[in-house]
Amino acid sequence: MSHRPSSGLAAVSTALLAMSRHLEVRDVLKTIVASARELLDAEYAALGVPDDHGGFAQFVVDGVSDEQWKAIGPLPRQHGILAAMLHKAEPERLADVREDPRFEGWPAAHPEMSDFLGLPVRDGDEILGALFLANKRCPKETGSCGFTAEDEELLSILAQHAAIALTNARLYERSRELTIAEERSRLAHELHDAVSQKLFSLRLTAQAAAALVDRDPARAKDELHQVAVLAAEAADELRAAVVELRPAALDEDGLVHTLRTQIQVMDRAHAARVTFESPGIRALPAAQEEAVLRVAQEALHNALRHAEAELVTVTLARSGQGARLTVTDDGKGFDPRTVRRAGRHLGLVSMRDRAGGVGGALTVTSAPGEGTTIDMEVPGG
């Protein structure tokens, strides 16, 4: 059965519309690769975004299962034909990539590829990435099947629009980063102006009380009373500032989009694979959404920094009128009782407090050598 969509303008239009629906860079890359593979009816497709160190900052594939990709190993380096596309900025159309003198082999788990079509994704003189396809789906009894000049032309059109979509996504993410930076700066000033000054006053008052405690106990008592008042005011102001730390993205994009974006960043930044699924989730009240996000962040931090996990899966699913968050890792695990006795909580107390604060519940399942599962349920509105 062929997976080729209807040919011509309609097929190209479908691919371009699919790319334009996304604003996150990772989503755009995945859509470009899937659209190219479907448009040209190829068995495999990939797109690599180069870094500045001879490797790839991102490398997205389509047609390879997660198990195969994990078995293949680390991201490829910029060598051979991939390097040619990135540095010469010219298309490459080969009847059999394995016979090209630049071919340097591939890992044992890598699928076999023969006919090959690749070209750079460019924004003016800047090369944003390398897009390539392999193994065109068609009868090969005569040995004459492979990518055609028409295929190359279609992929070139797709690559031009892919460059626009990718540039727009990068600009969008950059604008989001600037917004977050501005918000952090504003909060830092507020904390300095309000809480820091209040704490300074509290310190001076406490020092005055200490100086008076022997020679004028009555005045010392008054000063200590003022210390309590200042401490309560500082706590209130700090609490108000923390409330404002609710991520702006939650208000703009909602919980699912915000969590997905953060997990994509973690997946790129860490050696472990981090995945996210959100089947059938509905919007939650603001307090519940923030609690879920904070617990997910804490659980991910533990899995990636302490558990030595290779795979972390995050699921956010509907549970009645509310939601259920599950974060599972295949790391070294721990004995929750031992952690409590040792006075180390790995954020468990904070996570339970966040869940309980919105009427939810949190359970932790772990054992040495068996990974960890954090499960949180929160009610809806």
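A nonpolar core is a set of buried Ala, Val, Leu, Ile, Met, Phe, Trp, Tyr and Cys residues joined through side-chain atoms within 4.5 Å, where buried means under 20% relative accessible area with a 1.4 Å probe and protein chains only. The model shown here is predicted, so local features need pLDDT of at least 70 and side-chain atom pairs pLDDT 80 or more, while totals for chains, interfaces and linings use all residues. Residues are numbered from 1 along each chain as its sequence is written, and side-chain values use heavy atoms, without hydrogens and water.

**View 1. The largest nonpolar core has 36 residues.**
Look for Leu 259, Leu 316, Leu 325, Ile 374 and Met 376, which have the most contacts inside this core. Helix 8 (286-305) is one of the elements supplying at least two residues, as are strand 7 (311-319) and strand 8 (322-329); helices (H or I, at least four residues) and strands (E, at least two) are DSSP runs numbered from the N terminus. Helix 8 gives the most, with 9 residues. In soluble globular proteins, nonpolar side chains tend to be buried together.

**View 2. Leu 316 and some of its contacts.**
Contact here means heavy atoms within 4.5 Å. Beyond its neighbours within four places in sequence, Leu 316 touches a set of residues including Leu 255, Val 256, Leu 259, Phe 276, Val 292 and Leu 325. A second, separate core of 29 residues includes Leu 128, Leu 158, Leu 166 and Ala 169.

**View 3. Ring pairs link Phe 56, Phe 59, Trp 69, Phe 116 and Phe 132 into a cluster.**
Rings of Phe, Tyr and Trp (its six-membered ring) pair if their centres lie within 6.5 Å; planes under 30 degrees apart count as stacked, over 60 as edge-to-face and the rest as tilted. The count comes to 5 aromatic pairs. Phe 56 and Phe 59 are edge-to-face, because their centres are 5.2 Å apart and their planes at 70°. Both Phe 56 and Phe 59 are buried. Phe 116 and Phe 132, with centres 5.5 Å apart and planes at 25°, are therefore stacked. Phe 116 lies in strand 4 (residues 116-123) and Phe 132 in strand 5 (residues 126-136), so this pair ties together parts 16 residues apart in sequence.

**View 4. The hairpin of strand 9 and strand 10.**
Strand 9 (residues 361-366) and strand 10 (residues 372-378) run antiparallel, joined by 6 bridges; two strands pair if DSSP finds at least two bridges between them. Thr 365 has Thr 373 of strand 10 as its bridge partner. Among the 5 residues between the strands, Gly 369 takes a positive phi near 80°.

Conventions: Buried < 20%, exposed > 50% of the residue type's maximum accessible area, 1.4 Å probe, protein only.
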